[in-house]
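Q: Could you take me through one part of this model in close detail? I would like to follow the charged side chains and how they pair up.

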Amino acid sequence: QEHLVESGGGSVQAGRSLRLSCEASEVTYRANCVGWFRQSPGKQREGVATIYIGGLYVNGDTTGYADSVKGRFTISQDNGKNTVTLQMNSLKPEDTAMYYCAAAWVRYPSTCPGTKAADFTWWGQGTQVTVSS
C-alpha cells in the first residue's frame, strides 16, 4: 500500500524549532510534487509549503510557501533518503496544528506551488505540532 509517513512533531514553546520529516519512498517513482499542509480544529486544511522533486531542470526556486510561514519554514528534499523535510523555526502558537505530508504528480514544475490540497493523491496520517506561548 502506497503511503507517506510523517515524523518529528511535538510540543515546544514559542520561538523554538521543530523539524518534520516525510518519508516518501513508496510514491517518489510517480509523484513529483510534495507538500506540507496543516489543519487546526474548526479550521480548513491549509497549504504550508511545497517542493518540486521531479528532477526536471527548473530555472528558479522549486519551492513555495504560505505567506504566514515565509522566512521561518524551509522545505527541502534529501535525495538519498527519499525524504522531504520541513524545518520550522521561530514557531508561534498559531502554528499549532496537525501537519500532513502529501504528494502529487504535476505536469509542469511551476504548477507545484499552486497545487491545491484536493489535487494531492497520496497523504500521510499526520503529525501533531503544538506551540505554547
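A: Happy to. A residue counts as exposed when its relative accessible area is over 50%, and as buried when that area is under 20%. Asp67, with a relative accessible area of 64%, is therefore exposed. Keep in mind that this is a predicted model. Asp67 forms a salt bridge with Lys70, and the closest N and O atoms are 3.2 Å apart. That pair is one place to start; the count for the structure comes to four salt bridges.

Asp95 sits in the loop between strand S8 (83–88) and strand S9 (97–104). Its relative accessible area is 1%, so Asp95 counts as buried. The side chain of Asp95 makes a polar contact of 2.7 Å with the side chain of Arg72, and another of 2.9 Å with the side chain of Arg38. Setting aside neighbours within four places in sequence, Asp95 is in contact with Arg38, Arg72, Phe73, Ser90, Val129 and Val131.

The pairing with Arg38 is also a salt bridge, at 2.9 Å from N to O. Because Asp95 lies in the loop between S8 and S9 while Arg38 lies in strand S4, this pair ties together parts that are 57 residues apart in sequence. Arg38 has a relative accessible area of 5%, so Arg38 is buried too. Arg38 also meets Glu46 in a salt bridge, 2.7 Å from N to O. Glu46 is partly exposed, with a relative accessible area of 35%. Put together, Arg38, Glu46, Arg72 and Asp95 are linked in a network of salt bridges.

A search of the whole structure finds two disulfides. One joins Cys22 to Cys101, with an S to S distance of 1.9 Å. Cys22 is in strand S3 (residues 18–23) and Cys101 in strand S9, 79 residues apart, so this pair links distant parts of the chain. Both of these cysteines, Cys22 and Cys101, are buried, and their link is left-handed, with -75° about the S-S bond.

The other disulfide joins Cys33 to Cys112, S to S 2.1 Å. Cys33 belongs to strand S4 (residues 33–39), and Cys112 to the loop between S9 and strand S10 (122–123). Cys33 and Cys112 are both buried, and the link between Cys33 and Cys112 is right-handed, with 85° about the S-S bond. Counting bonded cysteines along the chain, the disulfides follow the pattern 1-3, 2-4.

Definitions and conventions. Residues are numbered from 1 along each chain as its sequence is written. This is a predicted model: local features need pLDDT of at least 70, side-chain atom pairs count only at pLDDT 80 or more; totals for chains, interfaces and linings use all residues. Side-chain values use heavy atoms; hydrogens and water are left out. Helices (H or I, at least four residues) and strands (E, at least two) are DSSP runs, numbered from the N terminus. A polar contact is a pair of N or O atoms within 3.5 Å; within protein, one must be able to donate a hydrogen and the other to accept it, and residues adjacent in sequence count only if both atoms are side-chain atoms. Contact means heavy atoms within 4.5 Å. A disulfide is a pair of cysteine sulfur atoms within 2.5 Å. Buried means under 20% relative accessible area, exposed over 50%, partly exposed in between (1.4 Å probe, protein chains only). A salt bridge is a side-chain nitrogen of Lys or Arg within 4 Å of a carboxyl oxygen of Asp or Glu.
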